[in-house]
Amino acid sequence: MAQDLTKISKFLALVLRHEPSAAGITLDPHGWADVDALIRGTNAHTKHRLDRDLLAQIVREDNKQRYQFSEDGTKIRAVQGHSVPVEVEMETLPPPPVLWHGTATRFLDSILAEGLKPMSRLYVHLSKDVPTAVKVGQRHGRPAVLRVDSERMAQDGFVFHRAANGVWLTETVPPQYLTVWQDET
Ligand code: HQG
């Protein structure tokens, strides 16, 4: 994706997950923003120039499929990653036996003591494979990967959701379900 599209996409993530007021808009209880209001607000509040075609291109080409349009195309939302309290409808389903969480090495002591917490977001985000978790961890510093015993968590009654883009979400992961993953290859 071209550089300016990436910048607009980052702005959309901010607006649709964390700070709708940055575009002078509000989200409905399910996280939806009105497409016309978002375009108008982005053009009024920022240097970005957004129109329907560009927005559609960003949604289509986003490398993590972070956004979705409503069926009639009048609304848009982020499929996961929110810090604002919205209820995005998601599948609740049994997780794969193992999931992964990428973090930075400097957080490990705290995570192994307290478990994984959602921090500023609504959920703890889990990856379906190690390479994805490594990339997530690299965003924070020197990466470390935790193995999550999601099978045992599910047996113990923890609930998992899968966002429309395949990211797994759960409210918290207590430390007894975590082990630090070591690359043995
Ligand atoms: C850490 C990106 C200390 C946690 C990614 C993480 C993901 C703790 C950081 C999505 C802790 C929060 C989410 C504890 C958790 N003590 N640190 N008890 N519990 N942490 O960014 O999972 O590109 O909110 O390990 O790909 O890194 O934005 O969460 O390092 O899917 O679409 O606190 O965001 O996707 O950081 O990333 P974040 P995350 P996008």
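Helix 4 gives the largest share of the shell around the ligand, three residues; helices (H or I, at least four residues) and strands (E, at least two) are DSSP runs, numbered from the N terminus. Before going further, note that this is a predicted model, in which local features need pLDDT of at least 70, side-chain atom pairs count only at pLDDT 80 or more, and totals for chains, interfaces and linings use all residues. Residues are numbered from 1 along each chain as its sequence is written, and side-chain values use heavy atoms, with hydrogens and water left out.

Let's look at the shell as a whole. The ligand is surrounded by 18 residues, the closest being R17, K64, H101, S110 and H140; a residue is near if one of its heavy atoms lies within 4 Å. Sorted by class, the shell holds seven charged residues (Asp, Glu, Lys and Arg), five nonpolar ones (Ala, Val, Leu, Ile, Met, Phe, Trp, Tyr, Cys and Pro) and six polar ones (the others, Gly among them). Because domain 1 (2-78) and domain 2 (91-180) both give residues to this shell, the ligand lies between them; the bounds come from an automatic or database domain assignment.

Now for the polar contacts, pairs of N or O atoms within 3.5 Å. A polar side-chain atom of H140 is 2.6 Å from a ligand oxygen atom, and an N or O atom in the side chain of R121 is 2.7 Å from an oxygen atom of the ligand. From K117, a polar backbone atom lies 3.0 Å from a nitrogen atom of the ligand. The protein buries 89% of the 790 Å² that the ligand exposes when taken alone, by the Shrake-Rupley method with a 1.4 Å probe.

Definitions and conventions: A polar contact is a pair of N or O atoms within 3.5 Å; within protein, one must be able to donate a hydrogen and the other to accept it, and residues adjacent in sequence count only if both atoms are side-chain atoms.
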